[in-house]
Structure formats: C-alpha cells, structure tokens
Amino acid sequence: ARRDNTIPAVMEWWDVELIPRGTLRKELAEIEARHRKEEALGGLLLVGKKEEECVEAKEENGIGANEADGDTTMTDVDANANAQTDPRSQLEEKCYQAASSKNARTHNLVQHPVPIKPPHAPTGPPVQPTLHLTKKEMKRQRKLRRAEKQRELQDLQAAGLIPPPEPRLTLSNFMRVLGDQAVMDPSQMEQKVTEQIQARKIRHERMNEERKLTKEQRKEKRARKLAEDTTQGVSVALFLVKDMSHRYHRTKVDLNAQQNGITGGVLEVDQPKLALVIAEGGPKAIKRYTRLMTVRMKWRGENFLGDDGEEESDQEGGEAAAAHEGGEEGDASSAPQKFNPHNACELIWTGMGAKRVFTSFLFQKCETADVARKVLEAKGVAHFMDQVLVHASGRGSELNFRLGGGE
C-alpha cells in the first residue's frame, strides 16, 4: 500500500521549532530530506514509469527493493528489532525528549504570569470525604461487632482462659435456670436473684456516671460545636432596628452574639432615630442570629410575661431574667421600662466578606447619620450606613439595595 505523503518521517513541521538548535536539528533535516526523496521516487509508478526503473533508481539511492515495494513478509520479532535499530525511531525518541516550549522563538514574546491562588482557596490539606452510614447499616455493623466480641469470649471460655459468666437471673426465669435448687429453697434463690438484679443496676449507673461529661467538658463540647472556620470567608448580616433602648433587647442581642462567636456591633443614631446591627461570623451562626432578630425576639413586648405559644429555651429565660435583674439594680426606684409598641426589626442585607472587619461586639451611640458613617468609614464599611439609610427612606427596592433575603 502506498504511504500518505502528508505524514512526516519523524515529527510535524510545527514541532521542529521546539527542538534546540544544533546537531539534533541537522539530523532531523537530513532524515526528512531523505524521506521526501523516497516518497518522490515511490510516486513514479503513478506517472507511467516501469517498475524496473524505479527499483534501479532506488538501488542507486541506497533503498532496498523490499522497502520500496512495501514487503510485509517480515515477522513481528524482526519488526521490533528493526524498530529498535531504526535511526528514525531513535531520532524520534531523542527529539521528543529534548522538545520544550522554551526553545520556540515566540517564547519570550508570550507573557507567563505566576499562578496565584484565589483569596478563598483552601490552604490546608484536601478534606477527605466522609462516608455516612444509614441507620440500617449502622445497626448491622453494631450487630456484627457484638457477635464477633461474643464469639471471642466463647473461644476464651472454651480454652479455659477465663471462667464462664454467671447465668443472668431474673424473677421470671430463675425457676427455669436454677431448676432443682429453686425448688428446694425458693426464698433463698429469690433473695439471690434480687441481689444480682440490684448489682446489675448499680454497675449500670456507675458506668453511666463514668461516661458523664464534667462541667468543663460540656462547656468545651458546646464551644466546639459552635466554632466555625472563617479564614476562607465570613458571612455578614445587616439589621435595621427602630429602637434598641430596652434592656431586654440589648441583653439578648449582646449575649447571643458572644455565644455564637459573632463580631460586629450596634450603632445607635439619634437623628434619624434608628439602630444598625452588624453581625459577622460563620454561616450557621449568622443563620441562628438572623432567626433571633427576625422571629424569636419580642420587639414590641408582646406576651412578654405570658405564654406566646412558643417554648423559649432556658438560655432565653436566663437572658430575660438577667435583663430584669440589671434593670432593678440600676434603677430600683423608677418604674419598669416599657416596650416601644411601634418597634420592629428588618433584615437589610446578608452576604459574604473576605475577612472580619470587627474584633468584638460593641454598642456605640452617634448623634447624626454623618457621624455614624464616619465611624464605619474608619473600618472600611461606610456603605453599610448608606444602605441602611436608603432602606429606611423607603427607596431600597427602587435602588436594588435589598439583597440577600431582605424583607
């Protein structure tokens, strides 16, 4: 079969530029020139030349008749041996080993920027995926583990390494287990069964007490569950509150921020009368804090001393009690502080930030909005105040500032 003239002997012409200049390029040029000459002589058959003339011409140029005629009688072993000794194959291997884009003429003209990781790219080792078993699979694994443990105990007992356990007696099975002994002295056997039941109960309670966490361990466990990684990004939420003067609101907002590891603060403005609450932390903490501000908190004091149909946690009750106790100690002679019946809280915006802007959760008062904006401008978040003022003026939906779930 006639070979395709478009196939080069060693490598394509556009890859030759990747080879360093020198003897390797010269060898490649000689092989390619010889290959083209062979292809030209092989094409003489198509223009009416005699086969003998082609063979003579090939012999004059050092080309064998078998190679010219495409002899296929060679065995596989001979073909592999020829491939190893073929100068074309050896040259091809050398060329591809020495090829590099740095040898191209256009290499210096192309800009090669240093790869930089994005700001939120993970820096630590890759997190291995966790395979969670279903309830059915967990039960089956527990059953297999217990069966294996019981089988090991039985093997040790059969070998005489450990004594067999006493039969587990109860008031319903001791007649069947003990047999003649229970018939001869049932009162004594019943007392023995009662003592065994009591011993099992004591051992069970002692094991539970040993597994019980101490107060410090429970505190560490709760802190570990609430802790979130904010090195790759932090969730931010902005709230607009009409009145933050009540002790109940201030106490709950502050304590929940501390318990959830939230930084930010409350910026109270006198003119116009409003309060900006900034919360930044992990996504789960912001989700819990958003529910506190928009659902759980009684901004107007509705059913504050009664049952409002929703069970409050012990933590909330402690916060409310602390707020009342603080009020009684601070101003015992004055009347109880009243709630603002027109008070309300709105979620203005929630989104992501590169890093935390605040280091703690603080309360600060400002006379005007301009002063409050300067306070936030020092932190680089002056746009928070602009966004709240636009929303408070009723133009938030027109300017498309109400993003991320704002009501």
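Residues are numbered from 1 along each chain as its sequence is written, and side-chain values use heavy atoms, with hydrogens and water left out. Because the model is predicted, local features need pLDDT of at least 70 and side-chain atom pairs count only at pLDDT 80 or more, while totals for chains, interfaces and linings use all residues.

A salt bridge here is a side-chain nitrogen of Lys or Arg within 4 Å of a carboxyl oxygen of Asp or Glu. The structure has four of them.

One of the four joins Glu268 to Arg250, at 2.7 Å from N to O. Arg250 belongs to helix H11 (residues 247-259) and Glu268 to strand E2 (residues 263-271), so this contact ties together parts that are 18 residues apart in sequence. Helices (H or I, at least four residues) and strands (E, at least two) are DSSP runs, numbered from the N terminus. Glu268 is buried, at 9% relative accessible area, whereas Arg250 is partly exposed, at 26%. Buried means under 20% relative accessible area, exposed over 50%, and partly exposed in between, with a 1.4 Å probe and protein chains only.

Through shared partners, Arg373, Glu377 and Asp386 form one network. Arg373 is partly exposed at 30%, Glu377 at 47% and Asp386 at 28%.
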